[in-house]
Amino acid sequence: MAQAHLAGIDYAIMAVYFAFVLGIGVVLRRSVHTGNDFFLAGRAVPAWIAGLAFLSANLGAQEVIGMGASGAKYGVATSHFYWVGAIPAMIFVGLFMMPFYYGSRARSVPEYLKLRFDEKTRAVNAVSFAVMTVFSSGISMYAMGKLFNLLLGWDFTASVLVSAAIVLAYTFLGGLTSSIYNEVLQFFLIVFGFAPLVLLGLKSVGGWTGLQARLAQVSTSQGFAPGAYTQAWRHMDAAAHNPVGIEWFGLVMGLGFVLSFGYWCTDFLVVQRAMAADSMTAARRTPLVAAFPKMLFPFLVILPGMIALVAAGGHGVIGLVPQKLDAMGHAVFTAQGAPVADFDLATPMMLVHYFPAGMLGLGITALLASFMSGMAGNVTAFNTVWTYDLYQSYIKKDAPDAHYLWMGRVATVVGVLLSIVAAYAASRFNNIMDMLQLVFAFVNAPLFATFALGMFWKRTTGHGAFTGLVAGTLAAAIHHGLTLPVSAVPGIKGGFLGVVTTYPSDLAQTFWTAIVAWTTCFVVTILVSLVTRPRQDAQLNGLVWSLTDRPKDEHLPWIKRPVTLALVVLALTLILNLIFA
Amino acid sequence: MGLDLRLPIGALFLIIGLLLAGYGWMTAGMEVDRWWGLVMVVFGLVMVTLARRGRSKV
């Protein structure tokens, strides 16, 4: 693969961005005086900033590149990850869960679990979350180092260390506010960096109709109906009819319900952005504000992958998508001798193919920004959970605020250092990383059942929640161990306990693992709760739906009420689904 | 909060836009840079204006 070369103008754009990122950190340093400022951005962030940060915290570079890769693999059906797998959950967390997260004044999601249930439920969530954020941030660094090495010939160590140093500098100085501000900056960079890519790409393939016609050939050559890559719903009747390899029920329940609600409604990385909002109304509006750009993002991040398949002048395996190289730099072939395409390079190759000098600098800066804000988001979530949920709870209980602020800064440094170690571990021991991510998936799958029961059924007990979580995680592991996607070998892909059934695709297996974990957790939590002693109503005030005053919106003009926003978001999402059905 | 975020966003896009557009004018065959640079300049100006208006209100 030919490497791209950056011109002076490209480096100039990058340098301007770095200067701004560091400058924001330095300016914000002056307004950080207390733990509340550092960990919660002083609970002073307006809804539009919190909303864009809520969206961007999830929009790391792996998301940008991964969605392009999925666009190339699955076509427009990838938009289900947004329209089914994000929007409904974002509406739910805004309307129904934020009153408890924000209203309880909990400083983190694990702390809400402590208030609602007990210490052990908090501990299991806090520990798994803290470990997970450090590894996610490390994996993000690793992916960045690898990509820029392949694409631009940059030294792996240099890109990891420079980006880590910049992230460390601005999160250390400005804490969560810094992280949030840079996420908003990244949002606009991604929009301005990718919109021209999509416009140029679409123009070169003859617009949407041209793209449809060209992808119809790709589709039929793989044995699908001509529209399988450009219609999101029409081929979801059976797993064998669409390139995703899933039928509508598994998609809606697995992705749309369990996985998506589990992520958007319980993951502290995103919820922290809404907790930093300046009022209850702003906190509830945060995910709803985020939903508007979220529903349009498929056009920015998925279309490049689809265009890469059919762009003219490509020298890849399919269109612009090059052949996969293994860790030693050798080309990878299937058992039948066919070249394997590296879909993760679909979007980066699009940037290199369509952008002249200058624009390429903008595109690369947008990618860099999303890698770095992905790390920063994880680091700021890590330092909060470490300081409040682990250090303050188990190591040093009654220190003055200044001590915890100091500890937060120490945790920031340690978090970045651990991420660097994780990045190197990922480059040496790829299998360990895959295994860890699998374990995290098991731990996360049942979470939403715990939160939903905790918030909406006051009878739920701490013992019930804890037992349900453990049982759900075990159920996920057992289900994964007993099933296998077709044409995979037993091992990390599943089947390590013996193969009972096979699924048509990895995704189908993932979705069903999640469904099994959620259901197990739900049932076990209810059963154990019924035989253990519930807490007094008075202790659950503000933590459970039936014992909390409804948030008052009547003083707001109807146009500004969260419910109105939610209905508009729902209607627009429905229209998008109909257009691309 | 000490810093109106619209100001740095506006300034960043203004500077990058000027760099891009300037580069586009000086180099042959760089229409994309030229026009997209201008779009970014306009966005940057709008953000800076909003920030200045917002401050005078407070």
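A crossing of two helices is left-handed if the near helix is turned anticlockwise from the far one by less than a right angle, and right-handed if clockwise. Helices (H or I, at least four residues) and strands (E, at least two) are DSSP runs, numbered from the N terminus. By that rule, H9(A) and H16(A) make a left-handed crossing.

The model is predicted: local features need pLDDT of at least 70, side-chain atom pairs count only at pLDDT 80 or more, and totals for chains, interfaces and linings use all residues. Residues are numbered from 1 along each chain as its sequence is written, while chains are lettered from A and ligands numbered from 1 in the order in which they are written.

Chain A holds 22 helices and 2 strands. Its radius of gyration (taken over C-alpha atoms) is 23 Å, close to the 25 Å that the globule rule gives for 581 residues, so chain A is as compact as a globular protein of that length. The globule rule is 2.2 Å times the number of residues to the power 0.38. The C-alpha atoms of chain A fill a box of roughly 70 × 55 × 50 Å along the principal axes. Of the 581 residues in chain A, 57% are buried. A residue is buried if 20 or more other C-beta atoms lie within 10 Å of its own, exposed if 12 or fewer, and partly exposed in between, with C-beta atoms placed from the backbone. Two residues are in contact if their C-beta atoms, placed from the backbone, lie within 7 Å. Among the contacts in chain A with a separation of 6 or more, 77% join residues 24 or more positions apart.

Chain B has 2 helices and 0 strands. Of its 58 residues, 36% count as buried. Residues 24 or more positions apart account for 54% of the chain B contacts with a separation of 6 or more.

The two chains meet through 25 residues of chain A and 19 residues of chain B. On the chain A side, the elements that give two or more residues are helix H1 (8-29), helix H9 (156-204) and helix H16 (359-395). H1(A) supplies the largest share, 9 residues. By class, this side has 20 nonpolar, 4 polar and 1 charged residues. Ala, Val, Leu, Ile, Met, Phe, Trp, Tyr, Cys and Pro count as nonpolar, Asp, Glu, Lys and Arg as charged, and the others, Gly among them, as polar.

H16(A) also packs against helices of its own chain. Axes are lines fitted to C-alpha atoms, for helices over the stretch in contact, and angles run from 0 to 180 degrees between N-to-C directions. Angles under 35 degrees count as roughly parallel, over 145 as roughly antiparallel, 65 to 115 as roughly perpendicular and the rest as oblique. The axes of H9(A) and H16(A) come within 6 Å and cross at roughly 140°. The two helices are therefore oblique to each other. Their contact divides into 20 nonpolar, 13 polar and 1 charged residues.

Helix H8 (residues 119-152) of chain A packs on H16(A) at about 155°, with the axes 9 Å apart. H8(A) and H16(A) are therefore roughly antiparallel. Their crossing is left-handed. Residues of H8(A) in this contact include A:Arg122, A:Phe129 and A:Met144, and those of H16(A) include A:Phe371, A:Trp386 and A:Asp389. The contact has 14 nonpolar, 6 polar and 2 charged residues.

H1(A) packs on H16(A) at an angle of about 35°, with the axes 8 Å apart. This crossing is right-handed. Among the residues that meet are A:Ile9, A:Asp10 and A:Tyr17 of H1(A), and A:Leu360, A:Thr365 and A:Ala369 of H16(A). The contact comprises 10 nonpolar, 2 polar and 1 charged residues.

Burial was then examined locally. In helix H14 (residues 303-310) of chain A, 8 of the 8 residues are buried, so H14(A) is largely enclosed by the rest of the structure. They include A:Leu303, A:Gly305 and A:Val310. The buried residues of H14(A) pack against helix H4 (61-74), H9, helix H10 (207-221), helix H13 (280-301) and helix H15 (346-354) of chain A.

A:Gly35 lies in helix H2 (residues 35-40) of chain A. With 23 C-beta neighbours inside 10 Å, A:Gly35 counts as buried. Leaving aside neighbours within four places in sequence, A:Gly35 is in contact with A:Asp401, A:Tyr404, A:Leu405 and A:Gly408. The C-alpha atoms of A:Gly35 and A:Gly103, 68 residues apart along the chain, are separated by 19 Å.
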